[in-house]
Amino acid sequence: MRILAYYGYYYYDVTYLLVIIGAILSMIASAGVNSTFKKYSRVRSMSGMTGAQTARRILDQNGLQSVKIEHINGNLTDHYDPRSKVLRLSDATYSSTSVAAVGVAAHECGHAVQDNESYGPLRIRSRLAPAANFGSRFGLPIFVLGLVFGANEILMQIGIWVFLLAVLFQLVTLPVEFDASKRALAMLEGYGILGTQEAEGSRKVLKAAAMTYVAAAAAAILNLLRLILIARRSDRD
């Protein structure tokens, strides 16, 4: 039995279960990375190198002296900006000597190395970014407009295709993030920044962080599936 209700611009139905599942996956992944990072942020690396020092060493070892390192506010807001060639490290990473901070810093360096090598998935993600931003912002509103105007099939299909751009971005992000972590761990051990046992702690932090991207991709796919199911049901009606 179908349960539908229409209130203003919001469309409620049982397919919201897919959205709820996606939200739960994201919350579990987020809690996991926060818990794991907190645990290993209390484990000091034997080298005593901070996240910033680790990043500088890795970048220099790979001939990336031109890449700048900046300190930004926030927790786990670390990222590499390929446009300005700047690696930004958060409060929890920049000055910390923990294996968690060192691992995160090395991961961001992995992205810088990817950029320098013109790593395929990273180039695709960068090109998809503007369209993905558009898709995540306007895909659902366009779809809802289709429902508002009497289940307009054209608008609903446009909404689905626009939202698909955001889904593709999430999927392309996965190999980019996993590869950056793989590079990070290899460089940490190869350059003698972390010992084998210490690197295991960093590996767990980066694995937990990777799960947030997996959860985000799963949530996006579930949202897309929901839109497709609603569209098909509207066609039958």
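**View 1. Histidine 79 stands opposite arginine 88 in strand β5.** The two strands in this view, β4 and β5 (residues 86-89), pair in the antiparallel sense over 3 bridges, where two strands are said to pair if DSSP finds at least two bridges between them. Strands here are DSSP runs of E with at least two residues, and helices are runs of H or I with at least four residues, both numbered from the N terminus. The model is a predicted one, in which local features need pLDDT of at least 70 and side-chain atom pairs count only at pLDDT 80 or more, whereas totals for chains, interfaces and linings use all residues. Residues are numbered from 1 along each chain as its sequence is written, and side-chain values use heavy atoms, with hydrogens and water left out.

**View 2. An open sheet is formed by 3 strands in the order β3-β5-β4.** The pairing in this sheet is mixed, and its edge strands are β3 (68-71) and β4 (79-81), each of which pairs on one side only. From one strand to the next, the twist averages 25 degrees. Helix α4 lies across β4 and β5 and runs at about 25 degrees to β4; for such angles, axes are lines fitted to C-alpha atoms, for helices over the stretch in contact, and the angles run from 0 to 180 degrees between N-to-C directions.

**View 3. Histidine 111 has its place in helix α4 (residues 99-116).** Its relative accessible area is 5%, so histidine 111 is buried, a word used for residues under 20% relative accessible area, while exposed means over 50% and partly exposed means in between, with a 1.4 Å probe and protein chains only. Not counting residues up to four places away in sequence, histidine 111 touches Tyr80, Leu122, Arg125, Val176, Glu177 and Ala180, contact being defined as heavy atoms within 4.5 Å.

**View 4. Arginine 125 is found in helix α5 (residues 120-148).** Arginine 125 counts as buried because its relative accessibility is 16%. When its neighbours within four places in sequence are left aside, arginine 125 is in contact with His111, Phe169, Val172, Thr173, Val176 and Glu177.

**View 5. Helices α5 and α6 pack with their axes 6 Å apart.** Two packed helices are described by the angle between their axes and the distance between the axes. The angle between α5 and α6 is about 150 degrees, which makes α5 roughly antiparallel to α6; angles over 145 degrees count as roughly antiparallel, under 35 as roughly parallel, 65 to 115 as roughly perpendicular, and the rest as oblique. The crossing of α5 past α6 is left-handed, meaning that the near helix is turned anticlockwise from the far one by less than a right angle, whereas clockwise would be right-handed. Helix α6 (residues 153-190) has 38 residues and reaches 56 Å from its first C-alpha to its last, close to the 56 Å expected at 1.5 Å a residue, where the expected span is 1.5 Å times one less than the number of residues. Just after α6, glycine 192 takes a positive phi of about 70 degrees.

**View 6. Alanine 23 and alanine 219 are 6.7 Å apart in space, C-alpha to C-alpha.** In sequence, these two alanines are 196 residues apart. Alanine 23 is located in helix α1 (residues 16-40), and, with a relative accessibility of 35%, alanine 23 counts as partly exposed.
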